[in-house]
Amino acid sequence: MTGRGVGLLLAAAALIMAGFRYGYPDLAVLGAAGTVAVVCAVAFALWRPRLGVERVADPDRVARGEPARMTLTVRNTSRLRAANLVASDRCGGGAVPVPLLRLRPGRDTTVEYPVPTRRRGVVPVGPLRVTRGDPLGLVTLARTYGGIAQVWVHPRIHLLRVVPAGMTRSLDGRIDKVPQGTITFDTLREYVIGDEMRRVHWRSSAKVGELMVREQLDTSEPTIVVLLDDRAGAHPEVRDGVAESFEAACEAAASIVAAAVREDLPVSLHLVTGVAGGPFLDVLTEATLATGDLEATLRRVRAQRLGDTLIFLTGPGGRGDLGAVSGLRGPYAVVMAGLFGDRDGAPVSAGDGLIVIEAADGAEFAAAWDGVRGW
């Protein structure tokens, strides 16, 4: 009920009461007419137009700052004319007006608008909010149509020209760099056409009665482990709901993952506050600051020995934890730490064997990464 409708309803009630009380039928007739107008307005607004809504995001996954557009198509599937409709589509934290006035039955209208990609995260788009009112402006009724589409705004990816070489411990105790890994026996399987005859294990074949082939495994292939510190305490400086140090850490993690995939190297992504599941870029898009136990995470990473190169990415609040991270130098041949948003702090002295990169953002981290000579 609009202000005009409320005023008319109160005036109609007053006129009816005055007409019956003081014997003025004309006043009662005017009050009854106002009441009928309000009832008709309610009935008019309650009619629900049938609308079909379709959304297409192009693309639905973009890097932070890259353009993305949403195409919205609204079709009138009802038989009656849907007049006086005002619609808006929710996009992120704002609303986009959609012109639907006098949309004829069977017709459709299409609207394109940009999706905000200034911040990393999942941007919800929809549902469509349609407001219908009566011609006199006494009543308005809003309904929602269609579902919610999502646009994934990934962290920026900076080009890393250098990737860690694999580390393997040889029989004499030395630790050597093995850029391409080494091959060792894993298991036996039946021979299939195309297998090399030099891989046939003749002794096992004689016992089984069929040709058996040795399966070999690359045990020392370079394996990168990225540990993202998503604790709220590690990124204490938050402005307008955004911790710039955490955004830089997410960009660094995305850049490392992209570089490893480009070089066809095994890589895994882990969060301090929980388990990361799904595509790595989607995990980084959904990552938010929370409470977590770094000590428990480091114990788990130490026990599992997930790879040979560990990269820990943290913010100003994680400076004091670099000493504990350097303790992983035994299970992991290379341990690196990326410290973001704390360039004015004292120089890091976290222990022997720990490589530390201090950077203000992801681009500066990428430049410093390519200059590392301690892989």
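Start by selecting M1, V6, L9, L10, V42 and L46, which make a nonpolar surface patch of about 520 Å². In such a patch, nonpolar side chains (Val, Leu, Ile, Met, Phe, Trp, Tyr) are joined within 5 Å, and each residue has over 30% relative accessible area and no salt bridge. A salt bridge here is a side-chain nitrogen of Lys or Arg within 4 Å of a carboxyl oxygen of Asp or Glu. Accessible areas come from the Shrake-Rupley method with a 1.4 Å probe, and for residues only the protein chains shown count as cover.

The model is predicted: local features need pLDDT of at least 70 and side-chain atom pairs pLDDT 80 or more, while totals for chains, interfaces and linings use all residues. Residues are numbered from 1 along each chain as its sequence is written, and side-chain values use heavy atoms, without hydrogens and water.

Next, colour α1 (3–22) and α2 (25–46), each of which supplies at least two residues of the patch. Helices (H or I, at least four residues) and strands (E, at least two) are DSSP runs, numbered from the N terminus. The largest share, three residues, comes from α1. On α2, pick V42. V42 counts as partly exposed because its relative accessibility is 31%; buried means under 20%, exposed over 50%, and partly exposed in between.

Now go to T314 in strand β16 (residues 309–314). At 0% relative accessibility, T314 counts as buried. Show D229 as well: its side chain makes a polar contact with the side chain of T314 at 2.8 Å. A polar contact is a pair of N or O atoms within 3.5 Å; within protein, one must be able to donate a hydrogen and the other to accept it, and residues adjacent in sequence count only if both atoms are side-chain atoms.

Finally, select A234, H235, L322, G338, L339 and F340, which are among the residues that T314 touches, not counting those up to four places away in sequence; contact means heavy atoms within 4.5 Å.

Methods: Patch = residues over 30% accessible without salt bridge, like charges linked within 9 Å, V, L, I, M, F, W, Y side chains within 5 Å. Buried < 20%, exposed > 50% of the residue type's maximum accessible area, 1.4 Å probe, protein only.
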